[in-house]
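Visitor: I have a model open and would like to talk it through. Could we go over it together?
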Amino acid sequence: MSTAELCLQLFLTFLKIGAFTFGGGYAMLPLMEQEVLDHGWLTLEEIVNFIAVSESTPGPFAINMATYIGTETAGFLGAVCATLGVVTPSFIIILIVARFFMKFKDNFVVRGLMTGLKPAVIGLIAAAILSVGAGVFFPLGFSFGTFITYQFITSFIIFIGMLVLAFKKLHPIFVVLISAALGIGVGFLGRLL
Amino acid sequence: MKEKLKRIFTLLTTFLRIGAFTFGGGYAMIPLVQREVVEKHKWISDDDVLEVIAIAESTPGPIAINMATFVGYRVAGFFGSLAATFGVVFPSFVIIYIISFILRQFQENIVVKYAFSGIRAGVLALLCKSLYSMYKKVKKHVFAYIIMAAAFVVSAFIDIHVLWIIGGCALAGLVYSLIAEKAKGGKTNVNG
């Protein structure tokens, strides 16, 4: 595939992601995971690694992710196309709303659609987390034996520890840094065992 | 005209700053937007900020982009929205572009590999926390629980594109609202 074709594909894919994602935070994770894995642009592991990078750098998750995937697949032009793609739908829709329907959010149809969308996003993110969790705990595939592997036990301990810190409202950057340090410690310890 | 150009330029620098110093995207931006746009420049009011958030939540796309576009348009029309949106995107773009090269240099390094193996467990925890925060904000009623469960089960165990689930749930929400409205209208019949 030529770079131009790849850039067009990046633009259109991220246009779709930008146009059909509602809500902040990780609302776009489910659709992005599906599209990026379908195209084979990144592996699930690379996506999860990058979420950590995105948590530790400024800027919206959506923009960070689009720029990263664009760069990885087609260099600078790819980054520009993917980022433009994810921004364009919001930009146009907000311009129209700001210009014509100030009462947009009170519209009955919009409210009705949102009644279904808001809980749907929760369910979809939960499913995305399940697949991320499977990759974190069972990177080589799942079987009952995998519950007693070094990888599973150490990952699970780190996960529980970080969960406690995250709920104590420790800043995500520190969660990333501490889990990185633990990962390094556990990795070298595993070599000795 | 000169006044408008000045406003556009101020929008650009303000949103560049917001983009460069906000970790975590959309919602994390709100206090900074309030300070810069409402308190410092007095371009819009606190009520407007609430309005922006409500609109950003019911339109697609990243909240940060929605807010920048909306505030920019309010303050200086189309070119204002262009300046604000560019401003909020540009810092992330540059930072991530540079980081992606650094990441590629080090990804085969054994220490980095171990670090990321720990980080992935940490990220999983952050995702769970973020899911919980979002869950707390959703209005809880039977219909919401049904949709949550249905979206989760279908997405996790059936091989179907996420877009179909999003579309289906939105439609179900609309149908549910119509039925709820009708039921309410039938009982009270006050608003005609």
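Visitor: What percentage of the 192 residues in chain B is buried?
Guide: Buried residues account for 43% of the 192 residues in chain B. A residue is buried if 20 or more other C-beta atoms, placed from the backbone, lie within 10 Å of its own.

Visitor: Where do these values come from?
Guide: This is a predicted model, in which local features need pLDDT of at least 70 and side-chain atom pairs count only at pLDDT 80 or more, while totals for chains, interfaces and linings use all residues. Residues are numbered from 1 along each chain as its sequence is written, and chains are lettered from A and ligands numbered from 1 in the order in which they are written.

Visitor: How many helices and strands does chain B have?
Guide: Chain B has seven helices and zero strands. Both are DSSP runs numbered from the N terminus, with helices being H or I of at least four residues and strands E of at least two.

Visitor: Is chain B compact or spread out?
Guide: Chain B is more spread out than a compact globule, because its radius of gyration is 22 Å, well over the 16 Å that the globule rule gives for 192 residues. The radius is taken over C-alpha atoms, and the rule is 2.2 Å times the number of residues to the power 0.38. Along the principal axes, the C-alpha atoms of chain B fill a box of roughly 60 × 55 × 25 Å.

Visitor: Now the two chains. How many residues of chain A are in contact with chain B?
Guide: In chain A, 86 residues are in contact with 81 residues of chain B. Contact requires that the C-beta atoms of two residues, placed from the backbone, lie within 7 Å.

Visitor: Which element supplies the largest share of that side of chain A?
Guide: H5(A) does, with 23 residues of the side that touches chain B.

Visitor: What is that side made of, by class?
Guide: The side of chain A that touches chain B has 58 nonpolar, 23 polar and five charged residues. Ala, Val, Leu, Ile, Met, Phe, Trp, Tyr, Cys and Pro count as nonpolar, Asp, Glu, Lys and Arg as charged, and the others, Gly among them, as polar.

Visitor: And what are the domains of chain A?
Guide: Chain A is assigned domain 1 (3-137) and domain 2 (139-193), with bounds from an automatic or database domain assignment. Their C-alpha centres lie 27 Å apart.

Visitor: How many residues of domain 1 are in contact with domain 2 there?
Guide: Seven residues of domain 1 of chain A are in contact with eight residues of domain 2 of chain A. H5(A) gives the most to the domain 1 side, with four residues.

Methods
Buried ≥ 20, exposed ≤ 12 C-beta atoms within 10 Å, placed from the backbone.
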